[in-house]
Each structure stands twice: as C-alpha cells, then as structure tokens.
Amino acid sequence: MATDQKTNPPQFGSDEEIGYVGDSMKAPIIKDDYDPDKDTGDKNLTTYFETLIHMLKVSLGTGILAMPKAFSNAGYLLGIIGTLAVGALSTYTMQMLVRSEYELCKKRRVPRMTYAQTFEAAFAEGPKTFRPLAGAAGVACKIILFLFQGGACCVYIVFVAENLKAVGDQYFGKTDIRLYMAYLLGPLILICWLRNFKYLAPVSSFGNVMTLICYCITFYYMLSDLPSFSTRQAVVELDRFPLFIGTALFAMEAVGVVMPLKSEMKNPRQFRGWFGVLNCAMVPITILYLLVGLAGYLKYGDSARGSISLNLPDNEVPAQCVKVMLAFSVYICYAICAYVTFQMLWGDYLEPKFEESRKKLVYEYIGRTLLVLVTFGLAVSIPNLELFISLIGALGLANLGVAFPTIMELLTRWDKYHGCVFALFLLKNICLLFVAVYAFFIGGSTSIINIYKKVIVGS
C-alpha cells in the first residue's frame, strides 16, 4: 500500500511542494518538506471562526436531548464526572485522529484522506508485521462506518415516530408507535430518492432554525421550578452505568465530521492544537451537555426519556409544537444520514458494477429504497429510543471514537519514542483500548440485555 515516491509522483501536491525541471513540467522533483496543511488547492475554504461555528452546529444535534436520560443511569454526581470524562476522552481521541492523519498524509504526499483511508494507511505505513493487514483494516473500518451510519438512521426513525406519537395521542387516541413508523415509510423513501444535497439545503436551513427554537422552548420547560439535589440520587446502581457511557458517547462524539471540517479549512493546522478549533469547540459543548443533562435529571429524575422533548407536557401547545418541529428537523437529518450511508455502499462497490448497464439509475433507486426498508425494519423491531441510542453509542463509537484512533496513533508513532517515554506512550494507549473494550462489550451487552427485557419480554 505504501507509495513508491520515485516512480509514482503524488497527484495532489501543490506548486509550493513540487518543483519541476524545465518548462515542460514532465519531471517532478518532490521535496522532503511536503506539508499537507499547505496543500489546500484553490477551493473557497473556511476560516477558523467559520469552522468553529460548523463544529458547534454539528455537535449540538439531537444527542443533547438524550443527556438527561444518560444522567438518570448514573446519578448527578457520577453523571457530572462521567460527562467531563467522556468529553475529555472524545476531544483527545479526535486530536489523535487528526494528528495521525496529518503524519500519514505527509508520508504519502497527499493533502487529505478519509477516515477509512487513514485507518488503512496506518497499517500500511506502520510496523512490517501489521502491513499485510492494511487491506482488511480498511474494509473493516468501512463496514463499521456503514453499520454505525445505518444505526443512526434507525435512531432517527424512532425519534421522529415517538415525537409524532406524543402529539397524535392527544388528538387521535393512544396508538402503537409502530403505526406511526408505518406512516413515515412513504415519506422516508421519497426523501431518500433525492440524489443531490442541494435540493435539501433550503429545507435543512429551515430545519436548523426550527431546532434552535425548539431548544429554547425545551430549556424553558426544563429549567422552570427545578427540584433540589436532595430529591435525586448522586450515584445510582452501577450496573446501569454502561447505559450512561453508550448514550454519552452517542451524544458527544463528533468523529464523523472532524476530518471533513478540517479538510475544508484555509489553514488546517488551526484545527488541532491547544487553541485549535477542536478544543475550542469541545469545551463549551461538553459544558452545555453537562448542564442540560444535570438540569434535565433534576427536573425529571428517572422519568427522563430518550429525548427530553418527550417529557414536555403533552397537552400544551408550545410543547406540542416542539415535538412536531423536532420530528421534521430529524426527518431531514435522516435523509442526510441515509445519503451518506448509501454512498458508502454504492459509490465504492455497487456503482462500478452497473456502470455499463442501461438500468443503472433503476438499480440506484432500488438500493436507496432497500436501505430505507432495512433501517425501518430494525427501528420497528426495537422501538425504544433510549436503548437504541445507548446500543449504537456503545457498539459504534467505542470503535470509531476510541479504539480506531488509538490504534492509528500506535501504528503511526510506534518509532517516535524510546525508553521510558515509549513505555508511557504504550501504557496510555493500552488504557484507552481497555476503555474502548469496556464500552463495546459491557455497554453493548447491557443495552442488548435491556432491549431483550423491555422489547421482547416486555418487562
């Protein structure tokens, strides 16, 4: 997988990094000081402040509404400690990810790589023992990314259905949530047939405005007449703590947007570092998630739902508007998430096989429809928002958010340290891998057991 620099000159190098012999520009001479951060091309790129705003926007999604439920599985004291720990862990592992990508891009003389490409390159450029595993590592990473994005689509279906049901039950009587999911099936298929993001842009912007209004109304309800700390538990039963970990990881991890945002910056170096975009965004994000989780737990205690919007009064019009507007906004999010999920499968594997077929477009629409049907089927089988969120957070983000960035750094920086420094480097990364294993196996199994009890057994 490693690039042969003598026979295969880079395709992406900028004029500052590649010199040429004569006017014919046929004999490239690659300098040793290639810097991916300077090879940004001629695109209209974002500034530090613009990227910071984007980072805040994508991180403050519907996951923040699940934090009160996360606190109910930890208690207010353990919840505060756990939120700070997950926030610090997420920030650190994302720093590891962008740092590893930078070093691997520098080795390969390319300006940027995707998450899966970076994971594969870490094996290919790492110790010789691991190089034969590079191809399998890349495929495994793509599969987990695909499953995680598909799981997020399932979460969105349950979220929309639960919020619509909360309003509909007030006017049409109690109805099974699965029936609301069935009502959604047609609109979900239609919106996923859109093949270009530009058609969603105006609707998405409108959805963002509605989401902001919903948050303001929700926080008003949540912060009104808060009970005292004495009415809530500081630490709940520890066997529920893995559910907190899964939910907090799902809510706070933004690993999927880190590399795309960094790649669109005029100066990508400003993304990492002590006062880079990543740190300056994650500090207020962590604090806000902590405050929402704490206030929501104080307000609703163990009755907190998978989305705090579901705890708002069912018979009050402002609360009903919140649920409907959030349902619409997340419906748009489903289309975006499904688009990304489908492109992982179609663009890399299926499209080349149908390139010469006259029915290529038909096959594409069939694939988009099947994706909706599969995510719909999973959502119908597990119509429980809080358990679905915890499960996807534990199984998906324990790998993508913690384990994979740790493995990337281990393979990329294996030969950078020696002696005691290397021992500390190794110990630190082993500890992070243990955290990932705990979140994956303990958090995942706890979520699966609770799904079995509440959904299948009905206890």
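Reader: What makes up the contacts in this protein between residues at least 6 apart in sequence?

Author: In this predicted model, 80% of the contacts between residues at least 6 apart in sequence join residues that are at least 24 apart, and a pair counts as a contact when heavy atoms lie within 4.5 Å.

Reader: How many helices and strands does the secondary structure hold, and why is the protein called as compact as a globular protein of its length?

Author: The secondary structure comes to 14 helices and two strands. The radius of gyration is 23 Å, and the globule rule gives 23 Å for 459 residues, so the protein is as compact as a globular protein of that length. Along the principal axes, the C-alpha atoms fill a box of roughly 80 × 60 × 40 Å.

Reader: Why is Leu410 called buried?

Author: A residue counts as buried when its relative accessible area is under 20%, and the value for Leu410 is 11%, so Leu410 is buried. Of the 459 residues of the protein, 51% count as buried.

Reader: Where is Leu410 found, and which residues is Leu410 in contact with, leaving aside its neighbours within four places in sequence?

Author: Leu410 is found in helix α13, which covers residues 385-412. With those neighbours left aside, Leu410 is in contact with Phe425, Leu426, Asn429 and Leu433. Leu410 and Met96, which are 314 residues apart in sequence, have C-alpha atoms 9.9 Å apart in space.

Reader: What share of the accessible surface belongs to carbon and sulfur atoms?

Author: The accessible surface of the protein comes to about 21,800 Å², and 66% of that area belongs to carbon and sulfur atoms.

Technical notes. Residues are numbered from 1 along each chain as its sequence is written. This is a predicted model: local features need pLDDT of at least 70, side-chain atom pairs count only at pLDDT 80 or more; totals for chains, interfaces and linings use all residues. Side-chain values use heavy atoms; hydrogens and water are left out. Helices (H or I, at least four residues) and strands (E, at least two) are DSSP runs, numbered from the N terminus. The radius of gyration is taken over C-alpha atoms; the globule rule is 2.2 Å times the number of residues to the power 0.38. Buried means under 20% relative accessible area, exposed over 50%, partly exposed in between (1.4 Å probe, protein chains only). Accessible areas come from the Shrake-Rupley method with a 1.4 Å probe; for residues, only the protein chains shown count as cover.
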